[in-house]
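Thanks for coming. I have one structure to go through today, and I will keep it short.

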Protein chains: 2
Amino acid sequence: MKQIIFSITALIALGTTTVMAKATVAKTDPLIDAAKKAGLAPIPADKATLMKLIDNPKNPVTDAKVALGKKLYFDPRLSKSGLISCNTCHNLATGGVDGVPAAIGHHWTANPHHLNSPTVYNAVFMSKQFWDGRSPDLEDQAQGPMQAAPEMAITKEMAVERISSMPAYVKEFKSVYGDDKVTFKKIADTIGAFERTLVTPAPFDKFLQGDATALTDAQKEGLKVFIDKGCASCHTGVGIGGGMQPFPVAKPYKYANIGDFKGDKNGMVKAPTLRNITETAPYFHNGAVWSLAEAIKIMGETQLGTELTDKEVASIKTFLTSLTGEKPKIVYPQLPAVTDKTPKPVAK
Amino acid sequence: MKQIIFSITALIALGTTTVMAKATVAKTDPLIDAAKKAGLAPIPADKATLMKLIDNPKNPVTDAKVALGKKLYFDPRLSKSGLISCNTCHNLATGGVDGVPAAIGHHWTANPHHLNSPTVYNAVFMSKQFWDGRSPDLEDQAQGPMQAAPEMAITKEMAVERISSMPAYVKEFKSVYGDDKVTFKKIADTIGAFERTLVTPAPFDKFLQGDATALTDAQKEGLKVFIDKGCASCHTGVGIGGGMQPFPVAKPYKYANIGDFKGDKNGMVKAPTLRNITETAPYFHNGAVWSLAEAIKIMGETQLGTELTDKEVASIKTFLTSLTGEKPKIVYPQLPAVTDKTPKPVAK
C-alpha cells in the first residue's frame, strides 16, 4: 500500500500525466462502484454542489446568517440559567457530542428518556432530526432543546428578550433578515443555518470520488465486510445513516432496559450517522455502549440477525476510521455583552 | 474631537511628518502623564516586552505549550462529569466569565461562599489569584477549580488517567515537556501558560502609550474623575487592579449578607481588574450587583468614603468603556477522542 502511495506521489511530481495515472488506479478498484451501488455517497468536493445540498430554500444559508448562527450556537444566554449553550451537548471540540450516555441539562437534569445527544456534525444529511425523527430539519430541531425543561429550559419569550436586549445582536439580525425584530423562529433558523455548514469530508469521501488510494487496504477490507453484511442498507447515503429504520429487527437490543425510548409511533428509530463514529462514544440512543467493537457486534445481532466474528467486527471498525472527517475551522466567537435590560439568569 | 482625528488622518497621508505631529498632539495632553503618575500602566504594545511581562520563568510560555493549554482549557473531560471545562466558568466568548452571580459547577452545585467567577482575561496581571489571593500564579490557581467539589470535581489521579488514555494528548505532552509522563502539575502548568496569553489591549493602552486621540473627550473626562476620586489607588498597574486591598474601608458593603466571604486572614480582598468590566457583570466577589453604575457608586462609598454624584458615576463608567479590549483570536480546538481506556464520566 505504502509503495502505491509513494509511486503516485512520484508521478504527481511529473506533472499532468499524474491525473491520468491516478484516475487509472482509481478505475481499477471495483470496490468504489460496489460502495456506490450499495447506496453510499460522498460529501460533494465541489463547493457549489455542496452548498446546494446543504441549503434550505426556506432558510437560505448565507455567510452573514452563518456568522450570527455561530454566535447563537455558542451563547449560553439562550438557556434559562445562562450556563448552557447548544455547544454544551453538541460540543464541536469533541465530535459534536457531549460524550456522556444521556444528556444532562438545566439544573443537572438527565434526559428523562435516557437519550444520548446525537452529533451535530453532518446532521444536515439526516432525513429527520431527533432519535424518533419527529423533526423535519435543523431549523425545527433547534427550537426543541432550547425550550426543553431538562435541556436549556428557556421560554421563547425569554430567549427573544435576552437577545433583543443586546444591541449588537439586534443589529446583526437586522443585517441578516432586513428588519430588527428578533423572533424565536429567527433565532432557531439562524442556528440551523450555522449547523448546516458543519460537514466533515473524510478519506472515505475521496475514495468514493475516485481516489482508490484514499483508503488503506485494511479499510477497504472492512468496507467489503460492511457492504457484504448489509450494514449499508441502513447506514447509507451521504449521511452514512440518517433514515428511519425499525429497531431492533432480528433480536432484542440487550440494553433496552436503560431508559424508556421505543422509537416513533411505528417503532422506527433514526439510524445515526457513522461519520466521526470514532469520536462519538458512547453509542446507541441510550448511550449504553462505550466500545465501538461491541456496538458493531450488537448491530449485527439486532439488525442483521448475524453473529459477526471478532475479525469481521475489527475489520468493520477499521473501515469506520475512514469516516472520521476534517472539521470546519471555527473561530471561537466574541458575544455581545448583556445590558441592564437583559433578563437575568435563573439557576433553578 | 472628530475634527482632530480627521486632521491627524490627513497628516498621516503626508508621510513621516505624521509621527511628529501625532507625538505633538500626544504631548499636549497632560492627562497621559497624570494617569501614569497615578500608577496606571499599559499592556505593552511591543511583543517582546509583553512576552517578558506575561512569562513565568518556572513555566516558560512557548507556542507548543499554549496550543496544548488551549485544548486542556476547553476540555470537559478534565471534570468528573465530563461536562465542565475551565471555559464553562471563564468563558472566552463572554468576557472570560460565566455571567452568573455565583459559580455553578459539578452536579449544579453553587459556590458555597457565593463567590463570583473572576475573568481569566488579563488575570496574568493580577498579583495574586482567587478573591482571597491565596494562590500566587495562574499555574497554581488552575489546580484549584479542577479539584474543587462544587466546580470540576475531578481528582488529580482521574485527570491524569483521562488525559493519559488519549494517545494524541500524550504525544503533545511529550513534544512540550520532552517526556510523555502526564502529571497533574503539568496539566495545570500547561493551562496556566495558555491563560498567560489571554491579554486584551484596549483604547486606554494606546492612550497611555501616547496616542491622545485613543480616548474620546468624555472618556478623558471620566479618567480625570477616576484619578481625582482615588479609584486608581486600588485599580492600578497594568491590570487596572489585581492587588490585595482592605474591603470595605469607609462604610459596610451593602450586600455583605450574600455569602460568607470575608477576604483573607487579614480581611484583604483582591481588587478585580477593571479591564473588560463592561462585559463581566454581575459585579463584586459575590456577584450581587448587575449595574456597573451601581457598582461604581458602591465603590465610592465603601472604599473612598465619598458619595459620587450621578454625573461622576456616569463619567467614570464612560471612562471604563475604554478598557474593553481586543480579545485574542481563538480557533476552537479539536480534542483527542476518548479511548476504551479513558475513565468514564461520573455524573453524580
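Predicted model: local features only at pLDDT ≥ 70, side-chain atom pairs only at ≥ 80, totals over all residues.

Start with chain A by itself. Its secondary structure comes to 14 helices and four strands. The C-alpha trace spans about 65 × 55 × 30 Å along the principal axes. For 348 residues, the rule for a compact globule gives a radius of gyration near 20 Å, and chain A has 22 Å, so the two agree. Of those 348 residues, 48% are buried. As for contacts in chain A with a separation of 6 or more, 72% of them are between residues 24 or more positions apart.

Next, the domains. Chain A is assigned two: domain 1 takes 30–45 + 201–323, and domain 2 takes 49–196. Over C-alpha atoms, the centres of these domains in chain A are 27 Å apart. Where they touch, 29 residues of domain 1 of chain A meet 25 residues of domain 2 of chain A. On the domain 1 side, strand β4 of chain A, residues 268–270, supplies the largest share, which is three residues. By class, that side of domain 1 has twelve nonpolar, twelve polar and five charged residues.

Now the two chains together. How many residues of chain A are in contact with chain B? There are 34, and they meet 34 residues of chain B. The chain A side of this contact has 19 nonpolar, nine polar and six charged residues.

Last, one helix in chain B: α10, residues 184–196. From first C-alpha to last, α10(B) reaches 18 Å over 13 residues, close to the 18 Å expected at 1.5 Å a residue. Eleven of the 13 residues of α10(B) are buried, so the helix is largely enclosed by the rest of the structure. Among the buried ones are Ile187(B), Ile191(B) and Phe194(B), but also Lys186(B), Asp189(B), Glu195(B) and Arg196(B). The buried residues of α10(B) pack against α4, α5, α6, α7, α8 and α9 of chain B.

That is what I have; questions are welcome.

Terms used:
Residues numbered from 1 in each chain as written. Chains lettered and ligands numbered in written order. Contact = placed C-beta atoms within 7 Å. Nonpolar A, V, L, I, M, F, W, Y, C, P; charged D, E, K, R; others polar. Domains from an automatic or database assignment. Helix = DSSP H or I, 4+ residues; strand = E, 2+ residues; numbered from the N terminus. Expected span 1.5 Å × (residues − 1). Buried ≥ 20, exposed ≤ 12 C-beta atoms within 10 Å, placed from the backbone. Rg over C-alpha atoms; globule rule 2.2 N^0.38 Å.
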